[in-house]
Amino acid sequence: MSKFDLNRLLRPNIKSLKPYSSARTEFKGQANILLDANESPYNEPYNRYPDPFQSKLKARLSELKSIPSENLFVGNGSDEIIDLLIRAFCIPGKDKILTFTPSYTMYITSAEINDVEVVELPLTSDFNLPLDEITRLSSDPSVKIIFICSPNNPVGNLVPRSEIEKICQSFQGLVVLDEAYADFSSEGSLTSLIGKYPNLCLIQTLSKAYGMAGLRLGVGYASEELIGVLNKIKPPYNVSQATQDLVLERLKNAELVEQQIRQLLTQREILFKFLQESSLFARVFPSQANFILVQTKYFRELYDYLCERGVVVRIRDIQPLLNQGLRFTVGSSEENVVLMKHITEFQTLKT
Ligand SMILES: *Cc1c(COP(=O)(O)O)cnc(C)c1O
């Protein structure tokens, strides 16, 4: 079992940091007149700074995800959480993160902004984690964080739970599992592992299955100790009052969200079958997420053809592992019909 010591892993300046203390943190009580934060008395309720620790929102998320509030962090999108984790643990110019290709590239961008070196390992030819190489790098003390995405963007496949556990056991640093698409997967989330592995941090987002990309809300799940570190270094008011209110409103009706997810899963099935039956695609990847990746020699032509008809998809031509890739987000049934109609017309031109 890992000899994980959070304090030893932290950057020394973060360990000794005395956090900024905001007006809303210092005063805890009921008051009729708030003259402590230089706010305006006009334009209620948005004249007031939001709750810096988002307690109502976390209480609801805690109930929904069956995990104590103390193990939750919310950020301005999960991209903020990725950045905070790198800043907490990686000394610029010295430490490294480990990530994989093809995968979500924000880990790399965030590390590079922070002048943190990236070790980028290719996935195996069947797009699984290169476990032996991970083991080899596990004892390098300069590798502070491993970023794993499951279901993986842009491929759509899952990392088995047993592999995540094995990595948590052998790696001396922090294991970050990005579950942005877990709501679409047959396996669901691995939140139940949070109590078991102190070096595991899960991140989820309300941008995909929950339909709130415009509000910016990411959720982190980790030990109380790690959540404490994130709370200490985050911008005091990182989640706006409008976001807190609107997310809470949406989360009142969890049944509606679940119904929408089921509709997207039905559409994924329809789109997958259609793509598989088309002669245009050399490969169509089974997906546990709300997108489907294909490979086709026509990737650029088809991309342009769809763009000219007002349908935007994403080219994922990531050398050397994933050449000629196109990624289709699963939309509504109406959107899907239009997409499939254009692809059929394109196919007629080609054959
Ligand atoms: C879309 C996506 C995110 C972005 O999350 P935000 O909460 O919108 O910042 C994070 N991780 C992966 C793998 C994604 O595909």
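Reader: In which loop is the place of Pro-102?

Author: This is a predicted model, in which local features need pLDDT of at least 70 and side-chain atom pairs count only at pLDDT 80 or more, while totals for chains, interfaces and linings use all residues. Residues are numbered from 1 along each chain as its sequence is written, and side-chain values use heavy atoms, with hydrogens and water left out. Helices (H or I, at least four residues) and strands (E, at least two) are DSSP runs numbered from the N terminus. A cis peptide bond joins Thr-101 and Pro-102, with omega about 0 degrees, and the place of Pro-102 is in the loop between strand S2 (96–101) and helix H6 (106–113).

Reader: Which residue is joined to Pro-45 by a cis peptide bond?

Author: Pro-45 is found in the loop between helix H3 (23–26) and helix H4 (55–65), and Asn-43, which has a positive phi of about 70 degrees although it is not a glycine, lies in the loop between H3 and H4. The cis bond to Pro-45 has an omega of about -10 degrees, and the residue it joins to Pro-45 is Glu-44.

Reader: How do H12 and H13 pack, and is their crossing left-handed or right-handed?

Author: Helix H12 (residues 299–308) and helix H13 (residues 333–350) pack at an angle of about 130 degrees, with their axes 10 Å apart; axes are lines fitted to C-alpha atoms, for helices over the stretch in contact, and angles run from 0 to 180 degrees between N-to-C directions. H12 is therefore oblique to H13, since angles under 35 degrees count as roughly parallel, over 145 as roughly antiparallel, 65 to 115 as roughly perpendicular and the rest as oblique. A crossing is left-handed if the near helix is turned anticlockwise from the far one by less than a right angle, and right-handed if clockwise; the crossing of H12 and H13 is right-handed.

Reader: What distance separates a polar side-chain atom of Thr-205 from an oxygen atom of the ligand?

Author: A polar contact is a pair of N or O atoms within 3.5 Å. A nitrogen atom of the ligand is 2.6 Å from an N or O atom in the side chain of Asp-178, and a polar side-chain atom of Asn-153 lies 2.9 Å from an oxygen atom of the ligand. For Thr-205, the distance from a polar side-chain atom to a ligand oxygen atom is 2.5 Å.

Methods:
A polar contact is a pair of N or O atoms within 3.5 Å; within protein, one must be able to donate a hydrogen and the other to accept it, and residues adjacent in sequence count only if both atoms are side-chain atoms.
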